Amino acid sequence: QVQLVESGGGEVQAGGSLRLSCAASGYTVNSGRMGWFRQAPGKEREGVASVGVYGSPKYADSVKGRFTISKDSAKNTLPLQMDSLKPEDTALYYCAAFRGSFSYSSLDPRSYDFWGQGTQVTVS
């Protein structure tokens, strides 16, 4: 049984930083591509960043240069470092993982099989 649990969300002022973490159970973070997604009220869920088995990080244009995704093998977690936060980054952030092959792009939610419950990020 796969479980993904996000943590690290909170409220920060514009220009501040947060570090999110996704703890995986029943899934090894290095076994497949994982990603972070976000959804603001009234908007579609969108891909933020993803990283594959051998690295290959992908970022949405809106966060390039500000967010960094990686895998912590020792802790079996997926961290997302968020710097220079902007009000438009406010959303519920989800961690996701896939098993199998992609049918869509690496930042398309439809490519992913497992999801966490989300952690709230608010930038004021």
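User: How far apart are the mean positions of the positive and negative charges of the chain?
Analyst: They are 5 Å apart, counting 13 positive and 11 negative charges. Note that this is a predicted model.
User: What share of the residues is buried?
Analyst: Of the 124 residues, 42% count as buried.
User: Switching to the fold. How many helices and strands?
Analyst: Zero helices and eleven strands. The chain's radius of gyration is 13 Å, close to the 14 Å that the globule rule gives for 124 residues, so the chain is as compact as a globular protein of that length.
User: What box do the C-alpha atoms fill?
Analyst: Roughly 40 × 30 × 25 Å along the principal axes.
User: And what part of the contacts comes from residues 24 or more positions apart?
Analyst: Such pairs make up 58% of the contacts with a separation of 6 or more.
User: Now strand 11. Which side chains are buried there?
Analyst: Thr 119, Val 121 and Val 123, which point to one face of the strand, residues 119–123.
User: Strand 2 and strand 11: parallel or antiparallel?
Analyst: Parallel, over three bridges, with strand 2 covering residues 10–12. Glu 11 stands opposite Thr 122 of strand 11.
User: In what sense does strand 9 pair with strand 11?
Analyst: Antiparallel, also over three bridges; strand 9 is residues 91–97.

Key: Residues are numbered from 1 along each chain as its sequence is written. This is a predicted model: local features need pLDDT of at least 70, side-chain atom pairs count only at pLDDT 80 or more; totals for chains, interfaces and linings use all residues. Side-chain values use heavy atoms; hydrogens and water are left out. Helices (H or I, at least four residues) and strands (E, at least two) are DSSP runs, numbered from the N terminus. The radius of gyration is taken over C-alpha atoms; the globule rule is 2.2 Å times the number of residues to the power 0.38. Buried means under 20% relative accessible area, exposed over 50%, partly exposed in between (1.4 Å probe, protein chains only). Contact means heavy atoms within 4.5 Å. Lys and Arg count as positive and Asp and Glu as negative; His and the chain ends are not counted. The place of a charge is taken as NZ of Lys, CZ of Arg, CG of Asp or CD of Glu. Two strands pair if DSSP finds at least two bridges between them.
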